[in-house]
Amino acid sequence: MEVTLHENERIDELQRNGYRIIQNPDRFCFGMDAVLLSGFAQAKEGDRVLDLGTGTGIIPILLEAKTNASHLTGLEIQPESADMARRSVALNKLENKIEIVTGDIKEASEIFKKASFEVVTSNPPYMIGQHGLVNPHSEKAIARHEVLCTLEDVVLQASQLLVPGGHFFMVHRPFRLAEILHLLITFHLEPKRMKLVYPYIDKEPNMVLIEAVRGGRSRLTVEKPLIVYKEQGVYTDEIYDIYGY
């Protein structure tokens, strides 16, 4: 199938299985947080995976490359981003493994059947309020700010969509960690694994990766921290491994 590029779009290499992705820098390009989430998330053979707020489909594509999941679905509310994701799926000839659905996270449990996924992932908007929000209707604002959905919406829907014992994986910001843990427990997603991500070894963490299990027992493992750079412009070996270099 021939894949058409639209104005200002480009094709980027993903360093995994020869996969590529279509992006538009004028809209929103995936960041390191999505790549780290795909490296942190796990899926067993036969698992059905749903990515909430998939953007251009980066997480389903990377998870298809590294897991034996039977099927992956990406849900995205912005039609232009969903279209770009579908074309990236077609570009990699993954139509039989990955489906992109246009829809609202807040309605996810109505779009899909409840308790129909073994794994749910999400790289949701981090920012609350109006801080730094210039245009609330722009693609970048919707991706970064809680304009169209809140953290509570994401956690609630993940809980409803997971089978009992299913796993939820999310990347977020440490400054909201107390709220994240509270919401997970409120919606019966027991936090099981957490990893803090530091830009440099002597800096504060700027990301947190969390795994929770629907109906799991109370026990949280805090893994050793992930350091992104060992010096300016030079990734640590662990980051190179996650990126597949």
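Which right-handed unit do β3, helix α2 and β4 make? They make a β-α-β unit, with α2 at residues 58-66. Right-handed here means that, with the strands pointing away from the viewer, the path from the first strand over the helix to the second runs clockwise.

Quick housekeeping. This is a predicted model, so local features need pLDDT of at least 70 and side-chain atom pairs count only at pLDDT 80 or more, while totals for chains, interfaces and linings use all residues. Residues are numbered from 1 along each chain as its sequence is written, and side-chain values use heavy atoms, with hydrogens and water left out. Helices (H or I, at least four residues) and strands (E, at least two) are DSSP runs, numbered from the N terminus.

OK, back to β3, residues 48-52. Four of its five residues are buried, so the strand is largely enclosed by the rest of the structure. Buried is under 20% relative accessible area, exposed is over 50%, and partly exposed is in between, with a 1.4 Å probe and protein chains only.

On to the helices. Eight of the nine residues of α1 (residues 32-40) are buried, so that helix is largely enclosed too. Among the buried ones are Met32, Asp33 and Phe40.

α1 packs on α2 at an angle of about 35°, axes 9 Å apart. Those axes are lines fitted to C-alpha atoms over the stretch in contact, and angles run from 0 to 180 degrees between N-to-C directions. In α1, Ala34, Val35, Leu37, Ser38 and Gly39 meet Ile58, Ile59, Leu62, Leu63 and Lys66 in α2, where contact means heavy atoms within 4.5 Å. By class, that contact has seven nonpolar, two polar and one charged residues. For the classes, Ala, Val, Leu, Ile, Met, Phe, Trp, Tyr, Cys and Pro are nonpolar, Asp, Glu, Lys and Arg are charged, and the others, Gly among them, are polar.

Another helix pair: the axes of α6 (residues 151-161) and α7 (residues 177-186) come within 9 Å and cross at roughly 35°. Leu151, Glu152 and Val155 in α6 meet Glu179, Ile180, Leu183 and Leu184 in α7. That one has five nonpolar, no polar and two charged residues.

Last stop, the hairpin of β1 and β2: six residues lie between the strands, and Gln15 takes a positive phi near 65°.

Methods. Pairing = 2+ DSSP bridges.
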